[in-house]
Amino acid sequence: MGSLLNDFKWRDVEFEVEEQRLPGHLAILHVRCPKLVKVVRSTVSHLVSSHQIAPEVLECVRKKRSIPLEQRPVVVHVPDIRFEVFHQMLEYIYTDSFSIDGRLSGVELRIAAERFGFKRMRILT
C-alpha cells in the first residue's frame with residue numbers, strides 16, 4: 001500500500017491542503033480511516049447538490065466502490081491542518097508508520113490523530 005501514497009495515477013480523490021494536493025484512494029481510506037471518508041462523503045454530497053458532479057459518485061463513496069475514471073479526481077479541501085502534518089497522517093494510513101522530523105511537532109500529529117480517529121498514532125506521538 002505504501003507505493004500508492006504519492007500515486008496520482010489511480011487516485012479517486014485529491015486532498016487539497018494549504019494549496020497543495022495529495023492523492024487518496026477510497027478503497028484504502030474505507031479500511032484505514034472512516035473519519036476521512038466522512039470528509040470525502042460530505043464534499044461529494046455538496047458537489048452533487050450543486051450539480052458539479054454526477055449523483056453516481058456519491059453512491060460509489062457510500063457503497064465503498066471506486067469513483068468512475070471519468071469523474072476523477074474529486075478534490076477535497078482539508079482545512080485547519082498543515083500540509084506536512086496531513087502528509088504524515090496519510091503516510092500512517094498507507095504504511096502504518098510515520099516519522100517526525102524538524103518540520104513537525106508531536107503535538108500537531110497528536111491533534112491530527114485525534115481528529116481522524118487514530119488511537120494508536122495518538123499513543124505513539
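**Surface, fold and two sites**

Tutor: The protein exposes about 6900 Å², of which carbon and sulfur atoms supply 52% (Shrake-Rupley areas with a 1.4 Å probe; for residues, only the protein chains shown count as cover). The model is predicted, so local features need pLDDT of at least 70 and side-chain atom pairs count only at pLDDT 80 or more, while totals for chains, interfaces and linings use all residues. Residues are numbered from 1 along each chain as its sequence is written, and side-chain values use heavy atoms, with hydrogens and water left out.

The protein has six helices and three strands, in the order β-β-α-α-α-β-α-α-α along the sequence (DSSP runs numbered from the N terminus: helices are H or I of at least four residues, strands E of at least two). The radius of gyration is 14 Å, close to the 14 Å that the globule rule gives for 125 residues, so the protein is as compact as a globular protein of that length (taken over C-alpha atoms; the rule is 2.2 Å times the number of residues to the power 0.38). Along the principal axes, the C-alpha atoms fill a box of roughly 40 × 25 × 25 Å. Of the 125 residues, 45% count as buried (under 20% relative accessible area; exposed is over 50%, partly exposed in between; 1.4 Å probe, protein chains only).

The arginine is R72, in the loop between α3 (55–62) and β3 (74–77). R72 has a relative accessible area of 19% and is therefore buried. Leaving aside residues up to four places away in sequence, R72 touches W10, R11, D12, S66 and I67 (contact means heavy atoms within 4.5 Å). Two backbone oxygens lie by its side chain: that of I67 is reached at 2.5 Å, and that of W10 lies 3.5 Å from a polar atom of the R72 side chain (a polar contact is a pair of N or O atoms within 3.5 Å; within protein, one must be able to donate a hydrogen and the other to accept it, and residues adjacent in sequence count only if both atoms are side-chain atoms).

With 18% relative accessibility, T43 counts as buried. Beyond residues up to four places away in sequence, T43 touches V74, V75 and V76. T43 and V75 are 32 residues apart in sequence, with their C-alpha atoms 8.2 Å apart in space. Across the protein, residues 24 or more positions apart account for 56% of the contacts with a separation of 6 or more.
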